[in-house]
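Have the viewer open and follow along.

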Amino acid sequence: MTLVTSMSYASDSIPLQDFCVAINDPNNSHVLVNGRFCKNPEHVTADDFFTSGLNMSGYDLNPFGVTIAAANVRTLPGLNTLGISLYRLDYPPHSLNAPHTNPRGSEILVVVEGMLYVGFVTSTSAPNMKNRLFSKILHPGDVFVFPMGLIHFQLNVGKTKAIAFIALNSQLPGGNNIPNALFDSHPPISDDILAKAFQVDKKVVDYIQSQFESNNY
């Protein structure tokens with residue numbers, strides 16, 4: 001039972017039909033699966049399984065210059081219930097995809113241009129166990145995996161732009177940027193809590209929080 005239960009949460013649920021094209025209009029839907037209404041199969045077309053735009057950079061992901069173009073259930077409704085998504089990330093020189101987690105999916109990354117320093121940090125699942133960092137410098141053609149839910153990052157350590165494609169075993173894996181979650185939550189976490197957690201003066205916490213307000217991210 002333990003094995004079966006753990007496997008059932010490894011990724012998005014296994015679909016019970018060939019496809020369930022996501023649709024926002026419940027009046028034109030056929031059935032509700034995985035939080036999205038399914039488009040009536042008789043109205044599904046090839047365009048529901050198609051998107052474009054991953055040949056160019058996308059929208060700003062963070063204030064550090066990284067951009068992202070997505071092929072997930074929001075942009076490709078045919079992905080609904082299939083448990084996969086694909087993204088393109090562009091990294092200007094010295095830009096950072098800050099430490100973050102993807103709570104609903106494991107990630108595999110391939111570099112197609114430039115050079116990235118990437119890594120993830122393990123959880124502390126046993127007494128006296130320290131968080132371990134696994135990191136690597138990647139070049140074009142190199143592949144790296146980030147396990148689901150673990151904090152990970154990518155930094156462009158080259159002098160030129162870097163491009164990577166990442167795939168996840170979730171139609172919408174989510175993203176939880178650690179700095180933003182701690183210092184830019186709404187409502188904000190008490191600076192008393194953050195000051196004690198980081199063992200710094202509250203003025204330091206207030207300063208960090210002000211930086212997120214000024215960046216508007």
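## Ground rules

Two strands count as paired if DSSP finds at least two bridges between them. Helices (H or I, at least four residues) and strands (E, at least two) are DSSP runs, numbered from the N terminus.

The model is predicted, so to speak of a local feature takes a pLDDT of at least 70, side-chain atom pairs count only at pLDDT 80 or more, and totals for chains, interfaces and linings use all residues. Residues are numbered from 1 along each chain as its sequence is written, and side-chain values use heavy atoms, with hydrogens and water left out.

## The open sheet

Let's start with the strands. Six of them make an open sheet, ordered S4-S5-S6-S13-S8-S11, with antiparallel pairing. Strand S4 (59-60) and strand S11 (143-146) sit at the edges with a single partner strand each, so one side of each has no neighbour in the sheet. In general, strands of a sheet pair through backbone hydrogen bonds, either parallel or antiparallel.

Now zoom in on S11. Strand S8 (residues 107-113) runs antiparallel to S11, and four bridges join the two. Which residue of S11 is the bridge partner of Leu 109? That would be Phe 144.

## A nonpolar patch

Ile 108, Val 143 and Val 145 make a nonpolar surface patch of about 240 Å². Patches take residues with over 30% relative accessible area and no salt bridge, joining like charges within 9 Å and nonpolar side chains (Val, Leu, Ile, Met, Phe, Trp, Tyr) within 5 Å. A salt bridge here is a side-chain nitrogen of Lys or Arg within 4 Å of a carboxyl oxygen of Asp or Glu. Areas come from the Shrake-Rupley method with a 1.4 Å probe, and for residues only the protein chains shown count as cover.

Val 143 lies in strand S11 and is partly exposed, at 47% relative accessibility. For these labels, buried is under 20% relative accessible area, exposed is over 50%, and partly exposed is in between (1.4 Å probe, protein chains only).

## Aromatic pairs

Searching the whole structure turns up six aromatic pairs. Rings of Phe, Tyr and Trp (its six-membered ring) pair if their centres lie within 6.5 Å; planes under 30 degrees apart are stacked, over 60 edge-to-face, and the rest tilted. Tyr 117 and Phe 153 have ring centres 5.5 Å apart and planes at 50 degrees, so this pair is tilted. Tyr 117 is in strand S9 (residues 116-121) and Phe 153 in strand S12 (residues 151-156), so the pair ties together parts 36 residues apart in sequence. Tyr 117 is partly exposed at 26%, while Phe 153 is buried at 13%.

Phe 120 and Phe 134 have centres 5.3 Å apart and planes at 25 degrees, so they are stacked. Phe 120 is in strand S9 and Phe 134 in strand S10 (residues 133-138), 14 residues apart. Phe 120 is buried at 11%, and Phe 134 is partly exposed at 31%. Together with Phe 144 and Phe 146, they form one aromatic cluster.

Most residues other than glycine have a negative phi, and most peptide bonds are trans. A cis peptide bond joins His 186 and Pro 187, with omega about -5 degrees. Pro 187 sits in the loop between helix H2 (178-183) and H3.

Two non-glycine residues have a positive phi: Thr 81 at about 75 degrees and His 94 at about 70 degrees. Is Thr 81 buried or exposed? Thr 81 is buried at 2%, whereas His 94 is exposed at 60%.
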